[in-house]
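This report describes one protein chain, from its overall fold down to single residues. The sequence and structure come next.

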Amino acid sequence: MKVPNKVRIGPHRFDIKFVNPLLLEGEEVCGLSDTQKCLLQINTFQTPSMQADTLLHEILHMVHNIQLGLTLTEDITIKEELLTTLTATSLCQVFRDNPKVINWILNSL
Ligand SMILES: [Zn+2]
């Protein structure tokens, strides 16, 4: 299946890049999102299912950032990261195990 290279989030179109290595302050990370550059980067050192989870994770970060306009204090950043991780991983399972429900939702939009 063709890998996606763009995603719309709110009023913006983000580029998606699958890269390796992907470093943040010298440390290898699974994914990064950049609001100013409208760029999501996914590290290809992960399995395909982990890359999907990471892409959904980065999309959710941008949803929170753009749609909620969160001001990221240190306390909110930690809670937002936990919520994002829990939600992305949980939605990956829901999407995988319920294709009829997901197709119904997509067809109803
Ligand atoms: Zn994160």
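A residue is called buried if 20 or more other C-beta atoms lie within 10 Å of its own, exposed if 12 or fewer do, and partly exposed in between, with C-beta atoms placed from the backbone.

## Basis of the model

This is a predicted model, in which local features need pLDDT of at least 70 and side-chain atom pairs count only at pLDDT 80 or more, while totals for chains, interfaces and linings use all residues. Residues are numbered from 1 along each chain as its sequence is written.

## Overall fold

The protein has 3 helices and 6 strands, arranged along the sequence as β-β-β-β-β-β-α-α-α. The radius of gyration is 14 Å, close to the 13 Å that the globule rule gives for 109 residues, so the protein is as compact as a globular protein of that length. That radius is taken over C-alpha atoms, and the rule is 2.2 Å times the number of residues to the power 0.38. Helices (H or I, at least four residues) and strands (E, at least two) are DSSP runs numbered from the N terminus.

The C-alpha trace spans about 40 × 30 × 25 Å along its principal axes. Of the 109 residues, 16% are buried. Two residues are in contact if their C-beta atoms, placed from the backbone, lie within 7 Å. Among contacts between residues at least 6 apart in sequence, 50% join residues at least 24 apart.

## Helix 1

Helix 1 covers residues 48-67; at 1.5 Å a residue its 20 residues should span 28 Å, and its end C-alpha atoms are 28 Å apart, which agrees. The expected span is 1.5 Å times one less than the number of residues. Buried positions in helix 1 are D53, T54, L55, H57, E58, I59, L60 and H61. They pack against strand 1 (6-9), strand 2 (12-19), strand 5 (31-34), strand 6 (39-43) and helix 2. Just after helix 1, G69 has a positive phi of about 60°.

Helix 2 runs over residues 74-97 and contains L91. Its 24 residues should span 34 Å at 1.5 Å a residue, and the end C-alpha atoms are 35 Å apart, which agrees. Helix 2 is hardly covered, with a count of 1 for buried residues among its 24 residues. L91 is partly exposed, with 16 other C-beta atoms within 10 Å. Its C-alpha atom is separated by 8.6 Å from that of D53, 38 residues apart along the chain.

Helix 1 and helix 2 pack at an angle of about 130°, with their axes 9 Å apart. That makes helix 1 oblique to helix 2. Axes are lines fitted to C-alpha atoms, for helices over the stretch in contact, and angles run from 0 to 180 degrees between N-to-C directions. Angles under 35 degrees count as roughly parallel, over 145 as roughly antiparallel, 65 to 115 as roughly perpendicular and the rest as oblique.

L24 lies in strand 3 (residues 23-24) and counts as exposed, with 10 C-beta neighbours inside 10 Å. Leaving aside neighbours within four places in sequence, L24 is in contact with V29 and L32.

Most residues other than glycine have a negative phi, and most peptide bonds are trans. A cis peptide bond joins N20 and P21, with omega about 0°; P21 is in the loop between strand 2 and strand 3. E25, in the loop between strand 3 and strand 4 (27-28), is not a glycine but has a positive phi of about 55°. E25 counts as exposed, with 5 C-beta neighbours inside 10 Å. C38, in the loop between strand 5 and strand 6, is not a glycine either and has a positive phi of about 50°. C38 is partly exposed, with 16 other C-beta atoms within 10 Å.
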